[in-house]
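My entries follow in the order in which I looked things up.

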Amino acid sequence: MSLATLPPQRIGVFGGAFDPPHVAHVALARAAIAQLQLDALHIIPTGHAWHKTRTLSPAVHRLAMTRLAFAGVDKVVVDARETLRSGPSYTVETLEALRAEYPAAQFFLIVGEDQAQSLGTWHRWQDVLQLAIICVAARAGFTRASPLFEALHLAPTAFQLIEMPPMDVSATDIRLRVANHQSTDALVFEPVARYIDHHHLYQTA
Ligand code: ATP
């Protein structure tokens, strides 16, 4: 097959604070790769999360934990670009940069349902919709009766659902557990748990 006849690459983009990365992030990545038949999935820890009120852990730690959490997941590329940029991390700018690198690719933006609900507040969200298909994974509590579910079905070319069993796991809960000396088994992978311990992360709630 010549280069001209190669089908466009299917590239997933999955951003987050990953403070810390947990088992639901990895389950979502695996489901996205399989269901969207991705050629690559860029996992992109945010630099400055404009939409989160708390101060994130230093990017160097979040990047290191993200590499540990996703090691061994085929097709994943841990992409540091947002942590290297100054100013707020806007998804639209990340997608524009990726499109410049892969002009023929189709992009799939992977988000949890909570993020999808607030899509209308994102910087230049209309441009985001032009740049990528928004792929939404249900979080615990998401039901087919939710207004978002209706929106997904009204605009089937702009949105896709990623099917995965709801997992009641959040980084907030994990940070609290660490601060309270409770177990995080089954919530983070062992190398991430060891990293948290070694670097004394999340000691205060
Ligand atoms: P925090 O509790 O600190 O807000 P978080 O657990 O939501 O963090 P993020 O790094 O903010 O983790 O999430 C990155 C992406 O992963 C977001 O799109 C979020 O909706 C999604 N996500 C996180 N946890 C889950 C989960 N349990 N199920 C489905 N999607 C999830």
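Predicted model: local features only at pLDDT ≥ 70, side-chain atom pairs only at ≥ 80, totals over all residues.

Residues are numbered from 1 along each chain as its sequence is written, and side-chain values use heavy atoms, with hydrogens and water left out.

I then looked up the second, separate core, which has 20 residues and includes Val-13, Ile-44, Leu-109 and Ala-116. For my own record, a nonpolar core is a set of buried Ala, Val, Leu, Ile, Met, Phe, Trp, Tyr and Cys residues joined through side-chain atoms within 4.5 Å, and buried means under 20% relative accessible area, exposed over 50% and partly exposed in between, with a 1.4 Å probe and protein chains only. The largest nonpolar core has 36 residues, and Phe-70 is listed among those with the most contacts inside it, together with Leu-36, Leu-41, Ile-43, Ile-110 and Ile-162. At least two residues of this core come from each of α1 (23-35), β2 (40-45), α2 (59-70), β4 (106-112), β5 (133-137), α8 and α9. The most is given by α1, with 8 residues.

I counted 9 helices and 6 strands in the protein chain; helices (H or I, at least four residues) and strands (E, at least two) are DSSP runs, numbered from the N terminus. Of its 205 residues, 46% count as buried. Among the contacts with a separation of 6 or more, 77% are between residues 24 or more positions apart. The accessible surface comes to about 10700 Å², with 55% belonging to carbon and sulfur atoms; the areas come from the Shrake-Rupley method with a 1.4 Å probe, and for residues only the protein chains shown count as cover.

I looked at His-42, which lies in strand β2 and counts as buried at 4% relative accessibility. Its C-alpha atom is separated by 6.0 Å from that of Val-76, 34 residues apart along the chain. Not counting residues up to four places away in sequence, His-42 touches Ile-11, Gly-12, Val-13, Phe-14, Val-77, Asp-79, Leu-98 and Tyr-102.

Val-136 has its place in strand β5 and is buried, with a relative accessible area of 0%. The C-alpha atoms of Val-136 and Ile-110 are separated by 6.1 Å, although the two are 26 residues apart along the chain. Val-60, found in helix α2, is by contrast exposed, with a relative accessible area of 57%.

Gln-37 is not a glycine, yet has a positive phi of about 50°; its place is in the loop between α1 and β2, and it is exposed, with a relative accessible area of 56%. Lys-75, also not a glycine, has a positive phi of about 85°; its place is in the loop between α2 and β3 (76-78), and at 37% relative accessibility it counts as partly exposed.

Which helix gives the largest share of the lining of the second largest pocket? I found that α9 does, with 4 residues, and that α8 (171-179) and α9 (190-198) each supply at least two. The lining includes Arg-177, His-181, Asp-185, Glu-190 and Gln-203, and its residues divide into 3 nonpolar, 5 polar and 4 charged.

Key
1 Å grid on protein atoms, 1.4 Å probe; cavity = no way out; pocket = protein on both sides within 12 Å on 5 of 7 lines; lining within 4 Å. Nonpolar A, V, L, I, M, F, W, Y, C, P; charged D, E, K, R; others polar. Contact = heavy atoms within 4.5 Å.
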